Amino acid sequence: MSEKKLTRKNITKLNYGIIHSQVGFADGVSIVMKQIEEVMVQKIKIPKSNIFYLVGKTKTPNSHTRQHKVIWHKYKDNKLFDKNFNEGLGGELSEKIENAISIAKEKIKEFVNDKKIDVIIAHNTSHPVNFVLALALSRYYRDEKANNKKTPKYILWWHDSHLERERYLKPTKDIWRYLLQGVP
């Protein structure tokens, strides 16, 4: 993480990391992400070379987009969590989820360090279908702060919430603890 300070004056010189399950597709969040990038580049005058993506899947691979399957909302471990939201995890399922969260957290840390990210814009980390990403991001911040390391500013784009869907209103106790830990 660079030592740049977030001010109005230097906002165009900062490095931005946009994190989401996927980018470049026809889904609503991919479209909003493209619009946000256009505003950042055209209106705020942030150089496109200062905008980086960390996603689970991209339709348009390029040098500014890093992808890893564990972050994708359709990755098997994300789907496991979603499927078991009302039944709970326990044992082997918990181990799989924890492993996926650990891998995703390391991918976030590598991304932030490699690209010297000053500001993270995280999309849809308030929805259980992006559970692994949400928990990994939360644990990244927790662990970096515990080690007295400077972290990027964090902007959450609240596109959708699990609280808007009836099937997510009655989580089990173990799922509830996860939600409290890292899903806004």
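This note goes through the pocket and the nonpolar cores of a predicted model.

1. The largest pocket in the model has a volume of about 280 Å³. Its lining is made up of 15 residues, and those closest to the centre are V23, E37, Y53, T60 and N62.

2. Where the lining comes from. Two elements, α1 (28–43) and β2 (51–58), each give two or more residues to the lining of the largest pocket. The largest share is that of α1, with four residues.

3. Seven of the residues that line the largest pocket are polar, five are nonpolar and three are charged.

4. The largest nonpolar core. This core holds 32 residues, and the members that touch the most others are I101, I108, I120 and F131. Two or more residues come from each of β2, α3 (91–115), β4 (119–123), α4 (131–146) and α5 (173–182). The element that gives the most is α4, with eight residues. In soluble globular proteins, nonpolar side chains tend to be buried together.

5. Surroundings of I120. With neighbours within four places in sequence left aside, I120 is in contact with G17, I19, V112, L137 and Y141 among others. The list of its contacts also takes in P152, K153, Y154 and I155.

How values were computed:
Residues numbered from 1 in each chain as written. Predicted model: local features only at pLDDT ≥ 70, side-chain atom pairs only at ≥ 80, totals over all residues. Heavy atoms only, no water. 1 Å grid on protein atoms, 1.4 Å probe; cavity = no way out; pocket = protein on both sides within 12 Å on 5 of 7 lines; lining within 4 Å. Points joined across faces, edges and corners; volume = space filled by probe spheres on them. Nonpolar A, V, L, I, M, F, W, Y, C, P; charged D, E, K, R; others polar. Core = buried A, V, L, I, M, F, W, Y, C linked by side-chain atoms within 4.5 Å. Buried < 20%, exposed > 50% of the residue type's maximum accessible area, 1.4 Å probe, protein only. Contact = heavy atoms within 4.5 Å.
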